[in-house]
Amino acid sequence: MEVDENNNNEQSFVSKGRPDIHQWRTAKPKTPIYAMGWNPRPSRDLGLAIGSYLESYSNYIEIIRLDEEIGVYQSRTFPHGYPATNIMWNPDFQGPELLATTSDCLRIYQVQDSIWEYGNDTEAPVILRGAMGRQPNQPAAPQTSFDWNAWDPSLIGTSDFEGKCYIWDIETRQIHSRLVAHDREAYDIAFASRDIFASVGGDGSVRMFDLRSLQHSMVLYESPNLDPVIKLEWNKQDPNWLATFNVDSNKVILLDVRVMSSPAAELDCSGNVTGMAWAPHSSCHICSISDDARALIWDVSSVPSPITGAIREYKAKDELAQVKWNPAHTGWISLASKDMLEVL
């Protein structure tokens, strides 16, 4: 991974009193970043993983460690085949350090303790613990995303291009539950609690499910023209709230699950929304990114009153594609644009 020394950007919009912006290019220059995930384990160093996007079966995952005080970093890579559509670390801090990805199937890797013992050019020491969702001699529906259940880390939910959602027991590597969630593609899935989760899809809907009664679902939102709904994020502090956005839209839509008649609020961004992330430590702050290279932090504490504008803004050099808010070191946000990773 290459450090960008020509950093002339404005001061971080997250916090003050430290080196504000760290920028790197991917291990293979000019390779776009397609997925990204922070390591949630509390430690002195910051850790995250990013996934490449190459139109071939030669993609990779890069694991990065950053010392936030002095800016020293290390990185390791390992091969991944198809591009990872999502990357997450195990939310259980007691067991081994696990990393999950989705692409043609759900994969679980164990990251060895020796990962940082050698130089940057060495391959990451990881062990593939399981690959779930592939059937012998049968093409698998591409996995669009997944979420790791923080309340029961043995469960992972996946979404796929056939409109289905699967809940996997990663300890037995068996399907815990399966359902047809959408009439078209299911683009994303996220847990609000141990049993409650929601999904979004190409049919223009946001649907909520309960693992204890999967015969029924609740439609939380339908886009006006049934435009595909791409992503969703549950509020980390208040599970009554979630955020989502439609394809080719400049609005982040905030939904209150207690009032389903219409969105509780809409955040007007300057470009088409490409991602969002709730603050892990605050119920009323959310970061949005858009294709005009802007990242915005919003204070939504006044909802249902209209939100007139963002409280902080950052302008990157290129269109932003990914945003993640660090759950362990909440003063840091990571952004991805093309082959550039920025940690603010």
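How exposed is Glu313, in terms of relative accessibility? At 37% relative accessibility, Glu313 counts as partly exposed. Keep in mind as you look around that this is a predicted model. The protein chain has 29 strands and zero helices, and buried residues make up 55% of its 344 residues.

- Strand 9 (residues 106-111) is joined to strand 10 by six bridges, and Gln110 has Ile127 in strand 10 as its bridge partner.

**Salt bridges**
- The whole structure holds 16 salt bridges.
- One of them joins the side chains of Asp152 and Arg194, at 3.0 Å from N to O.
- Asp152 sits in the loop between strands 11 and 12 and Arg194 in the loop between strands 15 and 16, so this pair ties together parts that are 42 residues apart in sequence.
- Asp152 counts as buried at 18% relative accessibility, whereas Arg194, at 31%, counts as partly exposed.
- Asp210 pairs with Arg212, their closest N and O atoms being 2.8 Å apart; Asp210 counts as buried and Arg212 as exposed.
- Arg294 and Glu313 also meet in a salt bridge, at 2.1 Å from N to O.
- Arg294 lies in strand 25 and Glu313 in strand 26, so their pairing links parts 19 residues apart in sequence.
- Through shared partners, salt bridges join Asp152, Arg194, Asp195, Asp210 and Arg212 into one network.

Terms used: Residues are numbered from 1 along each chain as its sequence is written. This is a predicted model: local features need pLDDT of at least 70, side-chain atom pairs count only at pLDDT 80 or more; totals for chains, interfaces and linings use all residues. Side-chain values use heavy atoms; hydrogens and water are left out. Two strands pair if DSSP finds at least two bridges between them. Helices (H or I, at least four residues) and strands (E, at least two) are DSSP runs, numbered from the N terminus. Buried means under 20% relative accessible area, exposed over 50%, partly exposed in between (1.4 Å probe, protein chains only). A salt bridge is a side-chain nitrogen of Lys or Arg within 4 Å of a carboxyl oxygen of Asp or Glu.
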